[in-house]
Each structure stands twice: as C-alpha cells, then as structure tokens.
Amino acid sequence: MKSDSDSNLPPLESSKTVGIADHGPSESAGPKRQLSLFDSTSIIVGIIIGAGVYQIAPDVARGVFCPAEGAAGEFYSSLAVLLIWLIGGLLSLCGAITYAELATAYPQEGGDYVYLTRAFGRWAGFLFGWIQLVVVRPGDIALMALAFATYASQLYDPLSGQASDITAGVYSVAAVMILTAINVLGVREGKWVQNLLTSVKVLGLAAIIIVAVIGPGVPREPTAFEPMGIRLALIFVLFAFGGWNEMAYVAAEVRNPDRNILRALVVGTATVTVLYVLLNGAFLYSLGYYGLANSKAVAADAIATVFPDIGSRLISALICISALGAVNGLIFTGARISYALGADHHVFNFFSKWDPRTGTPLRALVVQGGIACTLLAALGNFIDVILYTAAAVYAFYFATSMALLVLRVREPHVRRPYRATGYPFTTLIFAIVCLLLIHAGVTYRPIHSAVAAGLILLGLPIFWLTRHIRPESRTATQ
C-alpha cells in the first residue's frame with residue numbers, strides 16, 4: 001500500500017529536478033547550482049572537522065583500553081585507538097555511499113527530509129524536519145559555537161577572572177549571529193567563508209601532525225583511569241565524523257550533481273578519515289597511550305615539546321577556526337532543511353521563501369540562528385549534549401538507510417546516476433551500527449534519550465492537526 005505522500009510528491013524527470021531554479025531573474029526565486037566540487041567538499045570537511053576531535057580523543061582512548069599488563073597493554077591499546085578511528089571512517093563511508101545514491105537520485109533541498117517523505121510518507125519527513133528545526137540543528141550550531149567561545153576566551157578575555165563566562169557567552173552568540181548574517185547575504189559569501197575556514201583548519205591540523213611527530217615526545221607513565229567502554233568510544237568517534245551527510249541538504253545547489261555529489265561525499269569522508277588516523281597516531285607518538293588517555297588538552301600537550309610557550313595559544317586559535325568552520329557549515333546546510341519542511345507543510349510555510357535578492361532561504365537562516373542563540377544559555381557539558389542528541393540522530397540515520405531499500409522497490413523508474421557500491425550490504429552494515437548506537441545512547445543516558453524522544457513524538461500531533469492544510473508554492477518569493 002502506498003503512503004500518504006504519493007499524491008503530493010512532484011514527479012521526477014530525468015532532465016529537470018524539482019525545486020531547482022536554473023532560470024533567469026524574471027522567474028520565481030529558488031535554489032541555483034552555484035556550488036563546485038571544491039565548495040561541496042569544503043562544506044563536508046569543514047563541518048566534520050570541528051572542535052570535537054580534540055575534545056573527545058582522550059575519551060575514545062579510554063574507551064578502547066586493553067587490560068593486558070605492561071608494554072603489551074599499551075601497544076594493543078594504542079593499536080585499538082587507531083583501529084577505532086579507521087572503523088569510524090569506514091562506517092561513515094558506508095553511510096556516505098548510501099546517501100550518495102539518494103542524493104543523486106533525488107537532488108533536491110532537504111536531504112533526509114526528501115528521502116523519508118518519499119519512502120514512508122509526509123509524516124516521516126515532517127518528524128525529521130521538526131526535530132532538526134527545534135533541537136538537533138540549533139543544538140549542533142550552539143555546541144560548536146560554545147567550543148569556539150571556550151578557546152576564544154583563552155586567547156583574549158577582556159573580563160578575565162570570575163566574569164570569563166560572560167565573555168564566552170558573548171563570543172558564542174556573536175559567532176552565530178555574524179556567520180548567520182554572512183550566509184543571509186548570499187550563497188557566494190557563505191561558501192567563500194566556508195572554503196577559507198576549511199582550508200586553514202586542514203593546514204593547521206596537518207601542522208599539528210608534523211610538529212607532534214618531529215618533536216622528541218614525552219610518553220607518560222601508566223596512570224589509572226576509568227575505562228568508558230567501546231560502545232561509547234564508537235559513539236564519540238562517529239560524532240567526530242558527523243557531517244558527511246550534509247551534502248544531501250544542498251544537493252539542489254551543486255553543479256553537475258550526477259558526479260560531484262558522490263565525489264564530494266567520498267573525497268570529503270576519506271580525507272577526514274586519513275587526517276583523524278594520522279592525528280591520533282601523532283598524539284600516540286608524542287604522548288604515548290596513557291598520555292593521550294589522561295590529557296586535558298591533547299593537541300596542546302602534543303606540540304608542547306616544540307612550542308612550550310606559545311603552543312597552547314596556537315592550538316586555541318586552530319580550534320577556534322575549526323569550530324567556526326563547523327558553525328558556518330551547519331548554518332549553511334541546516335537552513336535548507338527548514339526550507340524544505342516549510343515548502344511541504346503549511347504550519348512551517350514561513351520558512352519556504354527563497355529570497356530573490358540574496359538567493360538564500362533568508363527566513364529559515366534567521367530563525368535557525370535565533371533558536372541556536374536561545375539554546376546557548378541552556379546547553380550542558382560537551383559529552384551530555386552529544387548523548388542527548390545521539391539516539392535521535394542515529395534513529396533518523398537508520399530510517400534513511402531503510403528509505404534506500406524501500407525506494408529501490410517502490411520507485412524503480414527513478415533515474416539513479418549512482419548506485420550504492422556494495423548494496424545492500426554497505427547500507428545494512430550502516431543501519432545495524434545505527435541500531436547499536438541508539439541502544440548504547442539510550443542505556444547510558446536514558447533520561448536524555450527520553451526527553452529527545454518526547455520532543456520527536458510531539459511533532460506527531462502537530463502534523464496530524466495540520467496535515468490537510470496545503471502550503472503555498474515552493475517557488476513563492478518574499
């Protein structure tokens with residue numbers, strides 16, 4: 001039996017993509033193909049490499065601790081550190097392959113929203129857009145803004161002392177507001193900022209690897225700590241890889257989508273995997289396993305032997321740039337989800353306007369930034385925020401994986417420029433991992449997961465009450 005979305009979904013044609021405006025200025029405003037392969041890859045790499053890898057590397061190391069005694073225990077624990085980062089990259093690549101087929105077959109704004117709607121009905125897409133709008137995306141933006149503010153206040157704090165929290169708060173809000181304003185100005189401005197920040201952060205990360213390796217290294221003596229468990233370690237690793245799917249949200253703005261969407265997903269994910277493995281290898285070489293597992297500022301510790309005086313400030317500056325790149329990328333792509341949600345659901349029709357002057361979803365950007373700034377005052381510590389969103393995020397990852405299986409059967413006529421390599425095994429592997437991580441998140445922080453689940457379910461009555469009200473045309477202008 002077909003879902004309730006069938007009668008409302010626009011037909012797909014091989015020569016045109018729904019929701020894309022390739023026409024001239026006299027036509028209605030809409031997304032235009034302005035993102036090159038480099039732009040697209042910069043978005044992926046820029047979002048993935050935020051501040052997370054620096055903050056959770058020690059937690060991941062503790063999570064894969066090998067209880068063997070002496071040098072053997074340290075060797076196997078070090079090997080496990082590198083292996084889990086490599087596994088995280090391979091699992092993310094399985095997910096990227098799945099998303100690559102969906103994004104090239106349905107190259108529209110909204111990503112998961114589009115795929116879930118087509119596979120399971122308008123209610124499924126609505127729930128995804130709803131939780132992204134009110135919790136996940138503003139939370140991710142606020143989280144990276146907080147990471148930026150933490151390190152920015154270490155570089156310069158005009159209110160040093162007891163008022164330093166005020167400085168961090170001002171910095172985090174300012175980061176969200178300024179980057180939102182840049183993206184409101186236009187796609188060109190947003191992508192230029194993203195390209196610059198991504199290039200600088202990748203060069204900086206490479207510099208850390210080189211400095212840590214050429215330094216003399218100061219391995220630490222074995223120190224007792226509480227192992228976190230491999231399931232949590234994998235959650236943290238995949239969080240650090242989070243962002244490889246962002247290309248799907250801007251598919252309608254990618255030039256030559258048949259080729260560049262896949263290329264950006266694979267090249268971006270593979271590049272980050274290599275960098276993460278090399279980075280953690282450099283940490284292990286410089287500090288040893290126990291030094292990595294017990295470090296409070298691992299990147300600064302790793303280069304301290306070469307730059308003992310200014311090392312911490314250099315690392316703070318790099319992490320600030322990394323966090324800003326993630327914030328900008330999340331702002332850029334997140335507004336496209338709200339735009340797609342508003343185009344199909346009357347209750348959020350406010351977000352469906354594509355500004356003809358700036359060529360951006362202006363309203364969605366402004367509201368998204370406002371919610372993120374509001375959340376900045378309510379967020380807890382870094383780990384709790386990750387676990388708060390983990391179950392919800394992986395639930396929708398799982399649902400999108402299943403959407404590929406469903407759409408292969410339900411819509412065999414749809415043109416698919418790329419078919420997932422290793423299908424269905426790569427898709428099923430990623431789906432199974434999602435289920436395991438949902439279970440891990442729920443069992444470790446059941447209250448956090450229950451709150452997130454409650455917010456997701458709150459979207460059902462909103463959808464049910466408004467499902468018969470049709471929105472205005474997607475191509476309406478402001």
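Reply: Happy to. In this predicted model, the protein chain has 15 helices and zero strands. Of its 478 residues, 55% count as buried. Take the contacts between residues at least 6 apart in sequence: 83% of them join residues at least 24 apart. The accessible surface comes to about 19,000 Å², and 67% of that belongs to carbon and sulfur atoms.

Helix α11 covers residues 311-344, and at 1.5 Å a residue its 34 residues should span 50 Å; the C-alpha atoms at its ends are 51 Å apart, so the two values agree. Much of α11 is hidden too, with 28 of its 34 residues buried.

Now to the rings. A search of the whole structure turns up 21 aromatic pairs. One of them joins Phe65 and Tyr289: the ring centres are 6.3 Å apart and the planes meet at 25°, and because planes under 30 degrees apart count as stacked, this pair is stacked. The two partners come from distant parts of the chain, 224 residues apart, with Phe65 in the loop between α2 (52-63) and α3 (70-105) and Tyr289 in helix α9 (residues 257-294).

A second pair, Trp244 with Phe430, is edge-to-face, with 5.5 Å from centre to centre and 80° between the planes. Trp244 sits in the loop between α8 (230-240) and α9, while Phe430 belongs to helix α14 (residues 425-444), so this pair ties together parts that are 186 residues apart in sequence. Both Trp244 and Phe430 are buried.

For comparison, here is a polar spot. Asp39, found in helix α1 (residues 37-48), counts as buried because its relative accessibility is 6%, under the 20% cut-off. Its side chain makes a polar contact of 3.2 Å with the side chain of Lys191. Leaving aside neighbours within four places in sequence, Asp39 is in contact with Gln34, Lys191 and Asn195.

And in case you are wondering about cysteines, the structure holds zero disulfides. Cys94 counts as buried at 13% relative accessibility, and Cys320 is buried as well, at 5%.

Note on methods. Residues numbered from 1 in each chain as written. Predicted model: local features only at pLDDT ≥ 70, side-chain atom pairs only at ≥ 80, totals over all residues. Heavy atoms only, no water. Helix = DSSP H or I, 4+ residues; strand = E, 2+ residues; numbered from the N terminus. Buried < 20%, exposed > 50% of the residue type's maximum accessible area, 1.4 Å probe, protein only. Contact = heavy atoms within 4.5 Å. Areas by Shrake-Rupley, 256 points an atom, 1.4 Å probe, with all protein chains shown as cover. Expected span 1.5 Å × (residues − 1). Disulfide = S-S within 2.5 Å. Polar contact = N/O pair within 3.5 Å; in protein donor to acceptor, adjacent residues only side chain to side chain. Phe/Tyr/Trp six-rings, centres within 6.5 Å; stacked < 30°, edge-to-face > 60°.
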